[in-house]
Amino acid sequence: MRATLDRLRGEPALGSAPTPQELDARVGPSISAAGVGAEAALRIWTDDLAPANVAVDHPRYLAFIPGAPTPEAVLFDMLVSAESIYGGSWLEAAGATHAENEALAWLAELAGFPAEAGGCFVPGGTTGNLSALVAARHAALARRGGVAPRRWQAVISAETHSSVAYALERVMDVDTIRVPVDDRGRLTGEALAEALQDADETTLIAVVATAGTTNLGTVDDLAGIARLCASRGIWMHVDGAYGAAALAAPSARDLFAGIEQADSFIVDPHKWLFAPYDCCALVYRDPEGARRAHTQHADYLDAVTSRGEWNPSDYGIHLSRRARGLPFWFSLVAHGTAAYTAAVETTLTIARSAAEQIRGRPDLNLLLEPDLSVVIFERVGWTAADYVEWSGELARRGDAFVTPTTHRGQPCTRLAIVNPRTTSADIKIVLDTLA
C-alpha cells in the first residue's frame, strides 16, 4: 500500500527499457527455495525492476496509445484484488455485476444504444473484437438456418487494427475482404458498397468499422457504413478501443454519427477513460443474441446458467474473469461524468494546440488534420533512421517517449494525447528536439 501511494504522489519517472543482458546483470536470480520476504522482494521491484518499465501515464508518454488512470481507479483496483471477487456470474458477484452494468449503461447511452443494450468487460480490445465477431458469426449462422457456408467472410479496411485481422484470419479462420480507405484513412459507405458488389452477402459475418484508428486517429464514415449494413442485414461492429472515448466530448460527438445503429462496439477505458490495465468495454445492441453465442454449458454450470440472471461470462470469450470494470465504475462514481467530459475535451484541445504548433514550424509538416487526439507529422528531410535515432535519444534522456511510424509508406512520427496532465508545454519540449 505504501509503495502504491508513493507512486500516485507526484509525476512518475518516465522509465526506459534496458537490454535483457543489462537487466539480468542488474537483478540476478530473485526466486529461491527459501524466499527473501516481502520487504526484500519489494526492494528488488522498486530499485531494479520498476525503473525498467516505461510509465504510460507520464505526461510525455505520447507513443502508441497511452493511459492515465485516476488515483481513485488505481486504489480501487487494489481493493478488487483484496476482496477476491470472481466476476463471472451474478450468483457469485451480484454487487460487482450491478456496478459494471451501470458503467456499461453509461457507455451505451453515449453511443445512442437502446436501454436494453449491454455486455461485459473483457481484458482488452483484441478480446472485445474477437468476442463481438464470434457473436456476429453466430447470428449469421442462424440467418442461414444453421448451415455454414464453405468459407465465412468479414469486411475490414486498410486501417483496421491488426488485432481484428488477427482475430478473424488466425483465430476464427474467416476470410477478410479488405476495402481501400479514402485520403483521410477512413472506410466509407461508398467504398464499402463498391467492394461488396459481387460478394455473397450470406457468407458475411460482419463489417468492422473503426472509431479512431490507432495510427491516424481518424473515424470511419460510420453513418454511411451503417446505412449499407442495415439495408443488407449485415452485422456492423465498431472498434472504438481508442477513439470511442470521445463520445463523452460534445466537440467530437458529430464524428460518431451512425454508431447508434451498430450491432456492437468496444471501447477501452484503460486508454482514454482513465482506468488501469486491462479493461475493455464490449457493448451489444442485442445482448440476448450474444448470450446465445457465448454461454458455456456444463453440468456444474447449471446452477449459474439456468437462473436467468445477468452473468458477465455469457457475453465474451471467457469464463473465469476478474471484475475489471469496477475501477472504471468507481472512478466514474467518484468524479462524475462531467469530469470525464472535461478531461476528454482537455486532451482534444491539447491535440489541436499540438497541430497548431507543428503548422508554425517550417521544419515540420502536419500530415493530417486531427479528428481526435492523434497528431501525425514529419520532420522535413528525415529518413527512417533519423526518427529511430531521435526516438531512442528522447527515451534515454527521459525527456519523452515518442516512436516512429509511417504514413503512405513514408517515415514520420505521431503524438497520441490521452492524458489530461499533458500540456502544450510538454508538446513544445518534444517539438523543440526536432529543430
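# Pockets, cavities, rings and strands in a predicted model

The model is predicted: local features need pLDDT of at least 70, side-chain atom pairs count only at pLDDT 80 or more, and totals for chains, interfaces and linings use all residues. Residues are numbered from 1 along each chain as its sequence is written, and side-chain values use heavy atoms, with hydrogens and water left out.

## Cavities

Over the whole structure, a search finds two cavities of 30 Å³ or more. On a 1 Å grid over the protein atoms alone, a cavity is a set of points where a 1.4 Å probe fits but cannot get out, a pocket is an open set with protein on both sides within 12 Å along at least five of seven lines, and lining residues have an atom within 4 Å of a point. Points are joined across faces, edges and corners, and a volume is the space filled by probe spheres set on them.

The second largest cavity has a volume of about 40 Å³. Leu-107, Leu-110, Ala-244, Ala-245, Leu-247, Phe-265, Val-267 and Leu-273 line this cavity. Two or more of the lining residues come from each of α5 and β6 (264-267); helices (H or I, at least four residues) and strands (E, at least two) are DSSP runs numbered from the N terminus.

The largest cavity holds about 50 Å³ of space. Asp-77, Ala-275, Pro-276, Tyr-277, Asp-278, Cys-279, Arg-322, Arg-324 and Pro-327 form its lining.

The largest pocket holds about 1,200 Å³ of space. It is lined by 38 residues, and those closest to its centre are Arg-7, Leu-8, Pro-12, Ala-55 and Asp-57. Helices α1 (2-8), α3 (38-49) and α4 (71-82) are the elements that give two or more residues to this lining. Of the elements, α1 gives the most, with six residues.

The second largest pocket has 19 lining residues, with His-161, Thr-214, Ala-241, Asp-268 and Lys-271 nearest its centre. Helix α6 (residues 125-143) provides the largest share of this lining, three residues.

The table sets out the volumes and the make-up of the linings.

| Space | Volume | Lining residues by class |
|---|---|---|
| Largest pocket | about 1,200 Å³ | 21 nonpolar, eight polar, nine charged |
| Second largest pocket | about 220 Å³ | three nonpolar, 12 polar, four charged |
| Largest cavity | about 50 Å³ | five nonpolar, no polar, four charged |

## Aromatic rings

The count of aromatic pairs is 15. Rings of Phe, Tyr and Trp (its six-membered ring) pair if their centres lie within 6.5 Å; planes under 30 degrees apart count as stacked, over 60 as edge-to-face and the rest as tilted.

Trp-106 and Phe-328 make a tilted pair, 6.4 Å centre to centre with 50° between the planes. Trp-106 belongs to helix α5 (residues 90-110) and Phe-328 to helix α13 (residues 326-335), so this pair ties together parts that are 222 residues apart in sequence. Trp-106 is buried, at a relative accessible area of 14%, and Phe-328 is buried at 0%. Buried means under 20% relative accessible area, exposed over 50%, and partly exposed in between (1.4 Å probe, protein chains only).

Phe-274 and Tyr-340 form another tilted pair, 5.4 Å centre to centre and 55° between the planes. Phe-274 lies in the loop between α10 (269-272) and β7 (280-284), and Tyr-340 in helix α14 (residues 337-359), 66 residues apart. Both residues, Phe-274 and Tyr-340, are buried. Ring pairs join Trp-106, Phe-121, Phe-274, Phe-328 and Tyr-340 in a cluster.

Arg-285 lies over the face of Phe-113, 4.9 Å from the ring centre. The charged end of Arg-144 is over the ring of Trp-152, 6.0 Å from its centre.

Strands pair if DSSP finds at least two bridges between them. Strand β8 (residues 364-366) runs antiparallel to β9, joined by three bridges, and Leu-366 has Phe-377 of β9 as its bridge partner. Five of the six residues of β9 (residues 374-379) are buried. On β9, pairing with β11 (residues 410-416) is antiparallel, over four bridges, and Val-374 stands opposite Ala-416 in β11.

Four bridges also join β10 to β11, again antiparallel, with Gln-410 of β11 as the bridge partner of His-407. The hairpin of β10 and β11 has two residues between the strands, and Arg-408 there takes a positive phi near 55°.

Technical notes
Nonpolar A, V, L, I, M, F, W, Y, C, P; charged D, E, K, R; others polar. Lys NZ or Arg CZ within 6 Å of the ring centre and 35° of its normal.
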